[in-house]
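Please read it with the sequence and the model to hand.

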Amino acid sequence: MSYKFASHTDVGIRKSTNQDSYCIREAETDKGTVLFALLCDGMGGLEKGEVASATLIRVWSDWFEKDLPHILTCDDILGEVKSSWTRLMTSENYRIGQFGVQHNINLGSTFTGLLILEDGRYIIGHVGDSRAYRITNDGVTLLTEDQTLVAREVAAGRMTAEDAERDPRRSILLQCIGASASVTPAFYFGEVSEGENYMLCCDGFRHLISNDEFYAYLCPETNPTEAYLQQHVEELVELNKERKESDNITAVCIGI
């Protein structure tokens, strides 16, 4: 299986630091090509969010290099990945939290990671309100659920999705890595197909962009090459800035 990639991050029009971090890793293994992408959004209202997000990128990059090769020899690869990521999230939540206590600062990060195996099976690990999408020539599908106060209200029927997008509490998280007493990640499983695009993005990338616009810019049909995909990701970042998005703006796209 082969891929094309595009990614872009921008500090945005208001903040002085970029608290978003991401990585894309690809490796040829005995089990074929393995693709890993991770996007972490350091908490905007908390100090040193960039430290938390960069720490998670470093830890999972090390995991990809050192732990994944062993996991690929197991019978239940994705089950082992889920267990391994859960343990790491628990340990990093404690470690980052202790760092904050020792330095008298608050810090935390979202986590949305995607691992794709050669046979097309994937796992998404998710904490917070960064998102993963599938974009095909037929439309846009959100693959993750926001772990936010307003998403909980929508699920309970106490708020509409439209009201949630405008609510001033929309960025209040139910959990994040480093600033929560404990973390319970969500996991999603599926299979990719040729001709699909997958996107990881922070909340600053999608608050002011509609699904119709995601489709227009990022559907496979309009992105036959990596150069087109990169151009369109960057154009969406600039469109966010034109619309006065106040947060950091980051997206990672993977074409199958």
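1. Basis of the note. The model is predicted: local features need pLDDT of at least 70, side-chain atom pairs count only at pLDDT 80 or more, and totals for chains, interfaces and linings use all residues. Residues are numbered from 1 along each chain as its sequence is written, and side-chain values use heavy atoms, with hydrogens and water left out. Helices (H or I, at least four residues) and strands (E, at least two) are DSSP runs numbered from the N terminus.

2. Five strands form an open sheet in the order 2-3-4-5-8, with antiparallel pairing; two strands pair if DSSP finds at least two bridges between them. Strand 2 and strand 8 (186-191) each have a single partner strand, so one side of each edge strand lacks a neighbour in the sheet. From one strand to the next, the twist averages 10 degrees.

3. Strands 4 and 5. Strand 4 and strand 5 (residues 121-127) run antiparallel and are joined by six bridges. Threonine 112 lies opposite histidine 126 of strand 5.

4. Helices on the sheet. Helix 1 touches strand 2, strand 3 and strand 4, and its direction makes about 5 degrees with that of strand 2. Helix 3 touches strand 3, strand 4, strand 5 and strand 8, and makes about 20 degrees with the direction of strand 5. Contact here means heavy atoms within 4.5 Å; axes are lines fitted to C-alpha atoms, for helices over the stretch in contact, and angles run from 0 to 180 degrees between N-to-C directions.

5. Burial in helix 1. Among the buried residues of helix 1 are Gly49, Ala52, Leu56, Trp60 and Phe64, where buried means under 20% relative accessible area (1.4 Å probe, protein chains only). The buried residues of this helix pack against strand 2 (20-29), strand 3 (32-41), helix 2 (68-71), helix 3 and strand 4 (111-116).

6. Helix 1 with helix 3. The axes of helix 1 (residues 49-66) and helix 3 (residues 77-103) come within 11 Å and cross at roughly 145 degrees. Residues meeting across this contact include Val59 and Trp63 in helix 1, and Leu88 and Phe99 in helix 3.

7. Helix 7 with helix 8. Helix 7 (residues 211-218) packs with helix 8 (residues 226-242) at an angle of about 150 degrees, their axes being 9 Å apart.

Note on methods. Buried means under 20% relative accessible area, exposed over 50%, partly exposed in between (1.4 Å probe, protein chains only).
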